[in-house]
Amino acid sequence: MSDRIVTVGYIGNGKSANRYHAPFVLARPEKFRIKAMQARHVSHEAWAAIPGVEYTTDMDALLADPEIDVVEITTPSALHYSMAKRALEAGKHVTVDKPFSATAAEAEELFDLAAKNGVTVQCYQNRRFDSDFLTAKQVVESGKLGHVFEIVTSYDYYRPEMMGGWKMDQVNNAPYGHGSHCLDQIISWFGTPDRTHSDLRQLQGQGMVCDYFDYDMYYDGLGLKATVHANYRMAIKRPSFEIYGDKGAYIKYEKDQQERDLKKFYLPAGHADFGLDTPEQWGTLRYYDEDGMHEERVPSVRSTYSQWYDALYETVAHGAPQLVTPEETLAQMHILEDGLKQLA
């Protein structure tokens with residue numbers, strides 16, 4: 001299976017497939033090709049047809065296609081578990097958009113089924129390749145902050161209408177939607193926390209959708225607390241990353257540029273500056289050493305979500321361990337599921 005093209009099929013043909021997945025597969029034509037996209041109703045009014053891709057309403061035919069190696073689940077969140085299960089039963093490698101499932105029990109079932117069938121299943125955690133996250137890691141690894149005791153990352157919006165009118169739901173909420181990214185970044189960085197405190201709120205009233213989350217993740221052996229939080233009522237957004245150590249601090253306000261470019265249909269293929277931060281978007285590092293206090297702007301690490309697909313290729317074509325491990329996903333699912341229990 002070395003140095004071959006991996007063939008991908010999609011379940012779902014909406015924003016997720018066409019904005020957050022397909023552009024980064026298409027940017028790696030030497031590794032991947034997209035053969036088919038399935039949806040209940042095939043339409044190209046919202047998203048133009050991708051040249052060379054077969055569009056179908058027949059999921060069984062897509063799953064039975066022997067050429068398709070990987071099936072990507074990009075359906076509405078409530079269908080992720082059931083669609084992933086069908087794809088695994090068909091013997092396909094599977095990528096599931098976030099949230100991976102509704103419960104840790106569902107996640108465990110999918111991992112067990114994948115192992116039984118000799119394939120892999122993992123959550124599409126593309127934001128492990130956000131430039132703000134990678135730059136934050138680089139700053140910590142530089143050692144300039146000394147002992148890092150606190151990391152705070154925010155995913156704020158001011159969208160009072162977002163999820164407006166939605167009732168309480170297990171998977172369609174801010175923690176499962178955006179908290180899943182933030183939690184994964186910290187878990188991929190430091191591992192499963194020793195303990196977690198969750199504060200979830202329904203800013204639109206009891207019984208309504210959860211649109212606020214605040215998770216404190218404690219790593220006792222490291223002397224570190226990591227906080228991930230967000231709400232949809234932040235008229236002034238908090239910094240994307242704040243890092244505090246006993247020798248200094250680092251703050252970056254702007255989040256990764258890739259999503260903003262994607263929303264303007266400014267795609268990675270053919271645009272050398274796709275996702276590139278300007279100097280005005282760089283974070284600020286202030287630290288002390290034997291020569292006194294220093295302050296500098298930190299250039300953002302250049303990254304692309306295609307790097308997630310580079311790792312997927314190595315897993316499918318060469319048998320490398322999957323990037324997002326079952327243990328990492330299960331740790332996240334337990335935090336999400338347990339936190340939501342406090343809401344009515």
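Biologist: How do β1 and β2 pair, and over how many bridges?
Modeller: In this predicted model, β1 (residues 6-11) and β2 (residues 32-38) run in the parallel sense, with six bridges between them.

Biologist: Which residue of β2 is the bridge partner of Gly9?
Modeller: Gly9 is bridged to Ala36 of β2.

Biologist: What is the strand order of the sheet?
Modeller: The order is β3-β2-β1-β4-β5-β6, an open sheet of six strands with parallel pairing.

Biologist: Which strands stand at the edges?
Modeller: β3 (54-56) and β6 (121-123). Each has a single partner strand, so one side of each is left without a neighbour in the sheet.

Biologist: And by how many degrees are neighbouring strands turned against each other on average?
Modeller: By 20°, with direction ignored.

Biologist: Which strands does α1 touch?
Modeller: Helix α1 (residues 15-26) packs on the sheet and touches β1, β2 and β4 (70-73). The direction of α1 makes about 150° with that of β2.

Biologist: Other topic: α3 and α4. At what angle do their axes cross?
Modeller: At roughly 10°, and the axes of α3 (residues 80-89) and α4 (residues 104-117) come within 9 Å. Angles under 35 degrees count as roughly parallel, and α3 and α4 are therefore roughly parallel to each other.

Biologist: Which residues make the contact?
Modeller: From α3, Tyr81, Ala84, Lys85, Leu88 and Glu89. From α4, Glu106, Glu109, Leu110, Leu113, Ala114 and Asn117.

Biologist: How many of the residues in that contact of α3 with α4 are nonpolar, polar or charged?
Modeller: Six are nonpolar, one is polar and four are charged.

Technical notes:
Residues numbered from 1 in each chain as written. Predicted model: local features only at pLDDT ≥ 70, side-chain atom pairs only at ≥ 80, totals over all residues. Heavy atoms only, no water. Axes fitted to C-alpha atoms, helices over the stretch in contact; angles between N-to-C directions. Helix = DSSP H or I, 4+ residues; strand = E, 2+ residues; numbered from the N terminus. Parallel < 35°, antiparallel > 145°, perpendicular 65-115°, else oblique. Contact = heavy atoms within 4.5 Å. Nonpolar A, V, L, I, M, F, W, Y, C, P; charged D, E, K, R; others polar. Pairing = 2+ DSSP bridges.
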